[in-house]
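Here's a quick briefing to read with the model open beside you. Grab your viewer and follow along.

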Amino acid sequence: MGNNQYYKNRALADLEGKWDKVAIATLIYMIICGAVGTVTDYTLFQGSSFLWNIICLPLMWGFQVYFLRLIHKEDISYERLFEGYKDFVRTFLTMFLYFIAVIIGTLLFIIPGIIVACGFAMAPFILKEDAEINAGDALTKSWQMMKGHKWALFWLGLSFIGWAILACLTLGIGFLLLSPYMETACAHFYEDLKKEAVLT
C-alpha cells in the first residue's frame, strides 16, 4: 500500500486529459442527486429529498464505480453513471445497508461511524467486479479487505481537506474537479487492496 501522495499522483495521471469529461459527469450526478432533491423539498413536501436520495442510491453507486472504470481504461460515457439501475436490487441494497450502518455507527459517536464508513467503503467496487456477489457478502468482503487499512483510507480522505475548503469558497463549483480527484484516488486504493489480498 502506498502513502497519500502516491494515490494522489496516480489519480492525477489518470485524470490528465479527462478533466472536462469527469467534471461533466460530476455535474450530472450533483444535479440529479442534490439539486433535484432540494427542489422536491420545496415543491412537494419537506423531507421528500430524503426519499429522492433513496431513489438515487444506484446512481451514487454508479458515480463511485465510474472512476474505477476510468483507471481501468474502460468506457466512461455518461450513461455508465446509471448502470446501477440495470442491477437495481444489488446496488440499492449494498448502498442502503452501507449508509444505514454508517448512520448507526455515527449515532454511537463519530469514531464508530468513521470506522464503519471506511470498513465498508470498498463494497461498491467489489459489487462492480463480481456479478454474482450479493450485497451482504460485498460488505463483508470489504470489511475483510480493509482490516488494518481503515485509518489509511480515512487519512487519505482527510488529506483533501485543504482542497475541500477551497472548493467551498468557489460556492461548490470546485467540487466538480475535487470529487473526481478524490474518487480516482480511492479507486487506486482499492486496486492495491486487491493486490494485497491476492498476495496474502
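**Starting from a threonine**

Thr26 is buried, with a relative accessible area of 1%. Keep in mind that this is a predicted model.

**Around Thr26**

- Thr26 sits in helix H2, which covers residues 19–43.
- Which backbone oxygen lies 2.8 Å from a polar atom of the Thr26 side chain? That one belongs to Val22.
- Setting aside neighbours within four places in sequence, Thr26 touches Phe63, Phe67 and Phe175, along with Leu176, Ser179 and Pro180.
- Thr26 counts as buried because its 1% relative accessible area falls under the 20% cut-off.

**The overall fold**

- You'll find 11 helices and 0 strands in the protein.
- Read from the N terminus, the elements go α-α-α-α-α-α-α-α-α-α-α.
- How does the radius of gyration fit what a compact globule would have? For 200 residues, such a globule would come out near 16 Å, and the protein has 17 Å, which agrees.
- Along the principal axes, the C-alpha atoms take up a box of roughly 55 × 35 × 35 Å.
- Of the contacts in the protein with a separation of 6 or more, 70% are between residues 24 or more positions apart.

**Surface and charge**

- Out of the 200 residues in the protein, 46% are buried.
- The protein exposes about 10,500 Å², and 70% of that comes from carbon and sulfur atoms.
- On the charge side, there are 15 positive and 17 negative charges, and their mean positions lie 4 Å apart.

**Two loop residues with positive phi**

- Lys73 has a phi near 65 degrees, a positive value in a residue other than glycine.
- Where is Lys73? Look in the loop between helix H4 (57–71) and helix H5 (88–107).
- Lys73 counts as exposed, because its relative accessibility of 58% is over the 50% cut-off.
- Leu171 isn't a glycine either, yet it has a positive phi of about 60 degrees.
- To find Leu171, go to the loop between helix H10 (161–169) and helix H11 (175–199).
- Is Leu171 buried or exposed? At 81% relative accessibility, Leu171 counts as exposed.

- Ser77 has a relative accessible area of 14% and is buried, whereas Lys73 is exposed at 58%.
- What does Ser77 contact, leaving aside neighbours within four places in sequence? Its partners are Lys21 and Tyr66.
- Ile55 belongs to helix H3, which spans residues 48–55.
- With a relative accessibility of 45%, Ile55 counts as partly exposed, because that category takes in values between the 20% and 50% cut-offs.
- Ile55 and Ser77 are 22 residues apart along the chain, and their C-alpha atoms are separated by 22 Å.

How values were computed:
Residues numbered from 1 in each chain as written. Predicted model: local features only at pLDDT ≥ 70, side-chain atom pairs only at ≥ 80, totals over all residues. Heavy atoms only, no water. Helix = DSSP H or I, 4+ residues; strand = E, 2+ residues; numbered from the N terminus. Rg over C-alpha atoms; globule rule 2.2 N^0.38 Å. Buried < 20%, exposed > 50% of the residue type's maximum accessible area, 1.4 Å probe, protein only. Contact = heavy atoms within 4.5 Å. Areas by Shrake-Rupley, 256 points an atom, 1.4 Å probe, with all protein chains shown as cover. Lys, Arg positive; Asp, Glu negative; His and termini not counted. Charge placed at Lys NZ, Arg CZ, Asp CG, Glu CD. Polar contact = N/O pair within 3.5 Å; in protein donor to acceptor, adjacent residues only side chain to side chain.
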